[in-house]
Amino acid sequence: MNNRTDILSLRDALAVLKEQPGQLVETDVEVDPAAELSGVYRYIGAGGTVKRPTRVDGPAMIFNNVKGHPDARVAIGVLASRARVAKLFGCKKEELGHLVQECAANPIMPAVTAGPAPCQEVVHLASDPDFDLFKLVPAPTNTPVDAGPYITLGMCYATHPDTGLSDVTIHRMCIQSRDELSIFLQPGSRHIGAMAERATELNQPLPISVSIGVDPAIEILSCFEPPTTPLGFNELSIAGALRQRPVELVPCKTIQENAIANAEYVIEGEIIPGVKVVEDQNSHTGWAMPEFPGYNGHASHECWLLKVKAVTHRKHPIMQTCIGPSEEHVNMAGIPTEASILGMIDKALPGKVLNCYAHRSGGGKYTAILQCRKVVHTDEGKQRQAALLAFSAFPELKNVILVDEDVDIFDTDDVLWAMNTRFQGDRDIITIPGVRCHPLDPSSNPDYTDSIRDIGISTKIIFDCTVPFELKERFGRAPFLEVDPRKWVPDYEG
């Protein structure tokens, strides 16, 4: 595998985007991080499952004048375009799933450097009486009813108390006081949660670093989930594979843990055992923040307490944030989902699934489109087996749409064309009821239907929009003459 990217920091990524027409806009107009900043970007380029009107595949944006934070800037939407992510990763947008799967199969472990590190150019200790997270970290609120300012792109890094193995994941974190964050750890779904639970059993705090404003490889490749990356698998090693060099870590100043050396900000602290936090204890709105399905998440009464010991950052730091339901989340969740599905299917059914797209309408989690190939009559039925493997590769998946190799899975109109002309509901829908899926799906609730026994239980569905093998000749698409349009339109880009 060749080195795919030389982008080793957020600043590297922004510099690349600045050279690409239409990929980055900046504003010097003052913006309030309390709901206004996200309200602006909702129109400019949020996309995803955000309430319309919003622009899909719009530019990233930098706010240079953030109210209350004269020394900081805020970047948003860096990953809110699949084409932009592909550019930063050094591949075509259709190849992202395959590239990332290849990286997951060939990890390069991170390395600890002695420093000095860019993320520690400025150090603020919580023991200082002037220390205040609200003033130090320009964390936005996404909407006027958010529980508070949220850190949405914090790379949480911790080490298991028993095994000594480290891991990185992303969790929603809300600033609660001058030196406290709430952190939502969904039971059983993330490795940091398992570490916190074990530390609680041992009645000891869990040291944790939160690195904010890192390079795109770390942000996206930290979002793998089991079974592709089981407990003990350090996802920073996948980012290392993409770079073909280790991600550099640096020892924290106040805790026994490492942080990402090239980050813009690092929050150092400890998850306190046995202490739970009401997420909206300051706002009392009942809501947390907008989540990836496009709805506001309910405030949790079971968040963990992260007691902060220090904040370190670069000079003139850049806070990076995202909108929960945006295209940015789609890419962060969806590209690792595609890689996991492709990896699982290729082991069991090599050559039968050409590509996979975790569609934006499901936030990169709920819906996958598989491009299938049938070469001989015994391939019939293997497309449905591939769908079952997809559910195994990514348990939060709800729907799988199967199409033939002549369908562009990244073009929703083409996929719906296949559904309209190669699909009959009485024979091509396969339902698997009563399976654990994802609790943020509001229809996955006993209040929605009495067939659901618990929040997070769903009916998984396969939509088989492939042509039966024996009928393939009858479903050939109209054959157009193959030409090079650049003879007539020189600036054509296919």
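Trainee: What are we looking at, experiment or prediction?
Mentor: This is a predicted model.

Trainee: OK. How many helices and strands does the chain have?
Mentor: There are 12 helices and 23 strands. The radius of gyration is 23 Å, close to the 23 Å that the globule rule gives for 494 residues, so the chain is as compact as a globular protein of that length.

Trainee: And what does the C-alpha trace span along its principal axes?
Mentor: About 75 × 60 × 40 Å.

Trainee: How much of the chain is buried?
Mentor: Of the 494 residues, 55% count as buried. The chain exposes about 21,100 Å², and carbon and sulfur atoms supply 52% of that.

Trainee: What share of the contacts comes from residues 24 or more positions apart?
Mentor: They account for 73% of the contacts with a separation of 6 or more.

Trainee: Let's go inside. Which residues touch the most other members of the largest nonpolar core?
Mentor: Val 78, Phe 89 and Leu 221 do, in a core of 56 residues. Leaving out residues up to four places away in sequence, Leu 221 touches Val 100, Glu 235, Ile 238, Ala 239 and Leu 242. Another core, of 43 residues, lies apart from the largest one, and its members include Leu 37, Tyr 41, Ile 151 and Tyr 265.

Trainee: Why would side chains like that group together?
Mentor: In soluble globular proteins, nonpolar side chains tend to be buried together.

Trainee: What about Leu 10, buried or exposed?
Mentor: Leu 10 is buried, at 1% relative accessible area. Leu 10 sits in helix α1, residues 10-18. Not counting residues up to four places away in sequence, Leu 10 touches Val 78, Gly 213, Val 214, Asp 215, Glu 264, Ile 318 and Gln 320.

Trainee: Switching to α10. What span should that helix have?
Mentor: Helix α10 has 12 residues, 382-393, and at 1.5 Å a residue they should span 16 Å. The end C-alpha atoms are 16 Å apart, which agrees.

Trainee: Which of the α10 residues are buried?
Mentor: Gln 383, Ala 386, Ala 387, Leu 389, Ala 390, Phe 391 and Ala 393.

Trainee: And what covers them?
Mentor: The cover includes helix α9 (327-348). Strands β19 (353-358), β20 (367-372), β21 (399-404), β22 (429-436) and β23 (457-464) are also part of that cover.

Trainee: Salt bridges next. What's the count?
Mentor: It comes to 32 salt bridges.

Trainee: Give me one. Where does Glu 26 go?
Mentor: The Glu 26 side chain meets the one of Lys 18 in a salt bridge, 3.3 Å from N to O. Glu 26 is partly exposed at 37% relative accessible area, and Lys 18 is exposed at 57%.

Trainee: Which residue forms a salt bridge with Glu 302?
Mentor: Lys 276 does, with the closest N and O atoms 3.6 Å apart. This pair links distant parts of the chain, 26 residues apart: Glu 302 is in the loop between β16 (296-298) and β17 (303-313), and Lys 276 is in strand β14 (residues 265-277). Lys 276 counts as partly exposed, at 40% relative accessibility.

Trainee: How about His 316, buried or exposed?
Mentor: His 316 is exposed, with a relative accessible area of 53%. Its phi is near 50°, also positive, and His 316 sits in the loop between β17 and β18 (318-321).

Trainee: Why flag these at all?
Mentor: Most residues other than glycine have a negative phi, and most peptide bonds are trans.

Methods:
Residues are numbered from 1 along each chain as its sequence is written. This is a predicted model: local features need pLDDT of at least 70, side-chain atom pairs count only at pLDDT 80 or more; totals for chains, interfaces and linings use all residues. Side-chain values use heavy atoms; hydrogens and water are left out. A nonpolar core is a set of buried Ala, Val, Leu, Ile, Met, Phe, Trp, Tyr and Cys residues joined through side-chain atoms within 4.5 Å. Buried means under 20% relative accessible area, exposed over 50%, partly exposed in between (1.4 Å probe, protein chains only). Contact means heavy atoms within 4.5 Å. Helices (H or I, at least four residues) and strands (E, at least two) are DSSP runs, numbered from the N terminus. The expected span of a helix is 1.5 Å times one less than its number of residues. A salt bridge is a side-chain nitrogen of Lys or Arg within 4 Å of a carboxyl oxygen of Asp or Glu. The radius of gyration is taken over C-alpha atoms; the globule rule is 2.2 Å times the number of residues to the power 0.38. Accessible areas come from the Shrake-Rupley method with a 1.4 Å probe; for residues, only the protein chains shown count as cover.
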